[in-house]
Amino acid sequence: MDIWKSENWKVFYSDKKVRTGLHTRFDTQIPPEIKWPCYMFCEWARDYYEFPIRVTIYFKASDTVRAMSGEQVSGKCSKPYNRLEEPHITIATGAVGDFQKQCQKYGLEDTIFAILCTIAHELTHYYQWLNNTRQGDTEIEHRKNEREARKLGEKKVYQYLIDLGMSQLTETYYEWKEQDGTNF
């Protein structure tokens, strides 16, 4: 089941007045070669998926963002306990240093692909929260959510690139993944 297309949320939100949509906010220091692909991926998501309660993605010009646990991560999804409050996502773009290192090591396309996978990963957490799936606090549920977000996030980015006719980029990514063994 594709949780991005699930409509379990309709039971809760059908009679509620809430703002809807996917919104983006970028730090001014983020260069266009990062901003543009992120913005275009979000535009694609808006066209193909529903966002029944507004979610804003904040793109930071930093190498990491701090999770609630204190851990430094590439992205986080803040899901409020009150389901009428708007969730938000924060994505570290690495624009202040890490991006250049990653580009030198993996190339621009693979680095952008990794950022897009982070966006899709966090949007998967939004849809998990939205559809109220596996919301418990057990370690097993957390691992299942992370596994689903990793797999589905990567699948969504791959679909986006196919829709754009960018199959060469996706082929390059899978070759790189096989050689490097890295898994997002």
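Residues are numbered from 1 along each chain as its sequence is written. Because the model is predicted, local features need pLDDT of at least 70, side-chain atom pairs count only at pLDDT 80 or more, and totals for chains, interfaces and linings use all residues.

The sheet is open and has 4 strands in the order 1-2-6-5, with mixed pairing; strands are DSSP runs of E with at least two residues, helices are runs of H or I with at least four, and both are numbered from the N terminus, while two strands pair if DSSP finds at least two bridges between them. Strand 1 and strand 5 are the edge strands, each pairing on one side only. Strand 5 runs antiparallel to strand 6 and is joined to strand 6 by 4 bridges, and His 88 in strand 6 is the bridge partner of Ser 78.

| Strand | Residues |
|---|---|
| Strand 1 | 22–26 |
| Strand 2 | 55–60 |
| Strand 5 | 75–78 |
| Strand 6 | 88–92 |

Helix 2 (residues 32–48) packs on the sheet, touching strand 1 and strand 2, where contact means heavy atoms within 4.5 Å. The direction of helix 2 makes about 170° with that of strand 1, using lines fitted to C-alpha atoms, for helices over the stretch in contact, and angles from 0 to 180 degrees between N-to-C directions.

In helix 2, Ile 34, Pro 37, Cys 38, Phe 41, Cys 42, Trp 44 and Ala 45 are buried, meaning under 20% relative accessible area, with exposed over 50% and partly exposed in between (1.4 Å probe, protein chains only).

Note on methods. Heavy atoms only, no water.
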